[in-house]
Amino acid sequence: MSINGWLQIAVTLALVLAVVLPLGRFMAALFTGERTFLHPILSHVERGFYDAAGIDPAQEQGWTSYAMAMLAFSAAGFAALYAILRLQGVLPLNPMGLPGVAPDLAFNTAVSFLTNTNWQAYSGEVTLSPLSQMAGLAVQNFLSAATGIALAMAVTRAFARSGASGLGNFWVDMTRATLYILLPLSIVVGLAFVALGVPQTLGGAMDANTLEGASQVIPLGPLASQEAIKQLGTNGGGYFNANSAHPFENPSALSNILAIWAMLAISAALPITFGRMVGSERQGWALLSAMAVLLIGGVALVYWAETAGNPIITALGVDPSLGNMEGKEIRFGQAMSALFVAVTTGLSCGAVNAMHDSLTPLGGLVPLLLIQLGEVLPGGVGSGLYGMVVFCVLAVFVAGLMVGRTPEFLGKKIEAREIRLAVLAVLILPLVILGFTALAATLPAALSSLNNQGPHGLSELLYAYSSAAGNNGSAFAGLNANTPWFNTTLGIAMMLGRFAYVLPVLAIAGSLASKTRVEASSGTFPTTSLLFVGLLVGVILILGGLQFFPALALGPIVEHVLMHASATF
Amino acid sequence: MTHLRPAITLLALFTLLLGLAYPLVLTGIASALFPHQSQGSPVVVGDQLIGSSLIGQAFAEPGYFHPRPSAGGYDPMASGGSNLGPTSAKLIERIKAEATPGIPADAVTTSASGLDPDISPENALSQVARVAKARGMPEDTIRALVQAQTESRLWGLIGEPRVHVLALNLALDALTQ
């Protein structure tokens with residue numbers, strides 16, 4: 001670790017912090033129906049969309065109707081994307097003449113982009129045409145992110161409103177999130193990416209003759225437009241196989257900072273939006289502090305582990321001063337690779353600028369654990385916020401148990417129904433991850449996909465199901481996941497991770513919205529205090545993390561010990 | 001199903017807006033404002049397209065500086081890393097075959113993209129003797145060229161010190177001619 005490394009990390013995080021307040025307040029204004037500075041340009045488009053779709057923007061939806069609208073929209077998105085992928089061979093804008101995508105891979109990919117996971121069992125450069133990338137994947141990059149923001153706003157209103165039956169209108173929330181937040185930011189960030197070297201063209205490939213006279217075919221495409229929403233929407237599905245490590249997707253140290261900034265900006269601003277809408281910006285800062293403590297802890301552990309390097313390689317005489325360079329790019333260095341590793345998994349982004357499979361055991365433990373904690377640090381756009389609210393509900397419940405009072409959060413009494421639903425939600429992740437991993441670990445058909453043996457092989461399986469269920473999308477990419485077994489089970493894990501999680505959360509929201517808000521009294525546990533932040537961090541670690549400890553012990557932790565004993569597999 | 005019409009209509013409208021209009025408009029603006037970058041930063045010498053300044057390429061001749069090992073052999077159609085873990089016997093065997101005492105780590109490790117265009121300054125300096133011998137030139141001349149081609153951190157803060165292999169080799173050829 002170096003001072004320069006930490007300074008680069010600090011500068012990047014400071015750039016994020018600089019937009020948290022204005023962006024958070026802007027989103028709060030937008031979702032409470034106020035006019036913003038973008039309305040003169042965009043409100044006509046917005047109204048036109050509602051008219052064409054027969055939507056009454058003033059109509060309120062209860063939690064079931066809100067959930068049904070979200071599911072209907074997701075189902076339509078799945079059908080359209082699946083069709084585009086299967087029919088790719090006969091559709092236009094296919095300069096390399098790529099064939100249609102196989103059924104199991106098309107299913108996996110459609111579910112993956114629909115659920116904001118963006119797990120990729122294929123290599124973009126040899127599988128997908130520009131049309132599939134633009135009209136198929138990029139559209140879902142926007143819409144799955146907008147759906148996440150909409151759901152977070154529904155949950156926010158459960159606390160902002162008193163005695164209400166409605167949580168807002170899904171169509172309105174989703175449309176506004178796309179038109180006023182994701183699209184304008186994508187245009188600005190996309191152009192900045194081009195300026196920094198990311199290609200944006202409809203041309204197919206460059207045919208070059210290298211200096212030594214070999215032929216080199218370099219694929220191009222509309223990368224920058226994709227890259228912008230891939231980061232801003234915490235999607236993470238790369239245009240190319242190497243994702244944000246590819247020099248076209250991430251050409252320089254500056255584009256790397258922009259990529260990290262774009263991943264974090266909206267998710268870090270949403271707690272402020274939440275705080276403002278529930279009438280306590282301090283609450284937003286309290287949530288953000290808890291997220292920051294855990295995230296920066298994760299960054300520090302990866303940075304330390306990767307600069308400490310691999311003792312087996314050092315013993316071969318290799319100079320250890322650069323740290324563990326397997327699977328890393330020179331232009332990013334250890335500090336900014338470590339920051340990317342932690343941010344992409346503390347969020348539910350899943351873009352990678354270093355290969356997670358080749359991280360040291362403890363360096364690889366961090367992204368695995370951050371996903372398993374539920375990706376609330378600060379989490380995917382929207383999904384991070386509603387995940388954090390579930391942890392808040394559980395934290396005040398734990399506090400209530402300790403002092404023997406009915407727990408409240410932001411003036412809403414938390415009762416048995418809400419706790420049951422919250423526990424149901426947090427059990428989905430361990431159930432899906434550990435269940436499928438255990439199953440895969442016993443099946444020869446699954447084990448033959450491993451790229452690494454020994455404890456690292458278990459880590460590959462554990463990472464795949466964590467990434468899918470957590471809707472992250474990054475991978476220990478050595479695993480050959482493009483098999484019917486993995487395409488199917490990972491697809492199911494992604495669906496459960498998104499929908500089986502969010503339905504109980506919406507049910508909590510519906511039940512809380514209808515309760516009347518009680519004023520804080522002397523017996524109310526203050527939820528903006530440092531004590532609460534500490535409690536929240538503890539609840540996230542214990543409730544989110546502890547159930548995974550045995551699996552982590554058998555994977556990365558035992559590998560760390562074996563690496564220091566020079567064992568190889 | 002009251003939700004069917006809004007679902008299908010909005011999906012169609014957003015596909016047109018986000019899937020076609022957005023990338024096409026961005027392509028138009030990008031090609032007007034940044035014609036070089038938007039086309040993949042091509043490197044043209046004379047009338048020959050040599051490659052892209054962002055994408056690493058393979059060099060094996062002793063008279064050129066060599067890039068890092070690549071899991072995909074610098075084929076841009078096969079980007080990616082080795083994905084070998086830290087206790088992989090394959091990884092350790094591969095490095096053992098290449099390692100010499102004190103060799104910089106990036107000279108024996110594959111990058112994440114398999115297309116890393118850069119090497120560390122230490123790696124470049126460790127190749128000076130071989131290049132000088134193959135070209136029949138004094139080592140000091142080659143070493144001075146490496147130092148001139150070494151990029152430092154932006155504003156002394158951002159990024160890592162590095163040497164761009166293709167730029168260095170082009171400068172090397174220019175020096176010889």
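This is a predicted model: local features need pLDDT of at least 70, side-chain atom pairs count only at pLDDT 80 or more; totals for chains, interfaces and linings use all residues.
View 1. The mean pLDDT of chain A is 95, and 100% of its residues score at least 70. Among the elements of this chain, the highest mean, 98, belongs to helix 7 of chain A, whereas helix 5 of chain A, covering residues 124-127, has the lowest, at 84.

**View 2. The crossing of helix 3 and helix 18 of chain A.** Helix 3 (residues 63-87) and helix 18 (residues 484-513) of chain A have axes that come within 9 Å and cross at roughly 150°. Since angles over 145 degrees count as roughly antiparallel, the two helices are therefore described as roughly antiparallel to each other. Their crossing is right-handed. On the side of helix 3 of chain A the contact involves A:Trp63, A:Tyr66 and A:Ala67, which meet A:Leu503, A:Leu506, A:Ala507, A:Ala509 and A:Gly510 of helix 18 of chain A. Sorted by class, this contact has 7 nonpolar residues and 1 polar residue, with no charged residues.

**View 3. The contact between chain A and chain B.** Chain A contributes 98 residues to this contact, and chain B contributes 86 residues. On the side of chain A that touches chain B, helix 7 (residues 170-195) of chain A gives the most, with 9 residues. By class, that side of chain A has 60 nonpolar, 29 polar and 9 charged residues.

**View 4. The hairpin of strand 1 and strand 2 of chain B.** Strand 1 (residues 42-45) and strand 2 (residues 48-52) of chain B run antiparallel and are joined by 4 bridges. B:Val45 has B:Gln48, in strand 2 of chain B, as its bridge partner. There are 2 residues between the strands of this hairpin, and B:Gly46 takes a positive phi near 65°.

**View 5. An open sheet of 3 strands in chain B and the helix that lies across two of them.** The strand order in this sheet is 3-5-4, with antiparallel pairing. Strand 3 (118-119) and strand 4 (150-151) of chain B stand at the edges, and because each has a single partner strand, one side of each is left without a neighbour in the sheet. Strand 4 of chain B is joined by 2 bridges to strand 5 (residues 162-164) of chain B, the two running antiparallel, and B:Glu151 stands opposite B:Arg162 of strand 5 of chain B. Helix 7 (residues 165-176) of chain B lies across strand 3 and strand 5 of chain B, and runs at about 60° to strand 5 of chain B.

Terms used. Residues are numbered from 1 along each chain as its sequence is written. Chains are lettered from A and ligands numbered from 1 in the order in which they are written. Axes are lines fitted to C-alpha atoms, for helices over the stretch in contact, and angles run from 0 to 180 degrees between N-to-C directions. Angles under 35 degrees count as roughly parallel, over 145 as roughly antiparallel, 65 to 115 as roughly perpendicular and the rest as oblique. A crossing is left-handed if the near helix is turned anticlockwise from the far one by less than a right angle, and right-handed if clockwise. Two residues are in contact if their C-beta atoms, placed from the backbone, lie within 7 Å. Ala, Val, Leu, Ile, Met, Phe, Trp, Tyr, Cys and Pro count as nonpolar, Asp, Glu, Lys and Arg as charged, and the others, Gly among them, as polar. Two strands pair if DSSP finds at least two bridges between them. pLDDT is the predictor's confidence in each residue, from 0 to 100.
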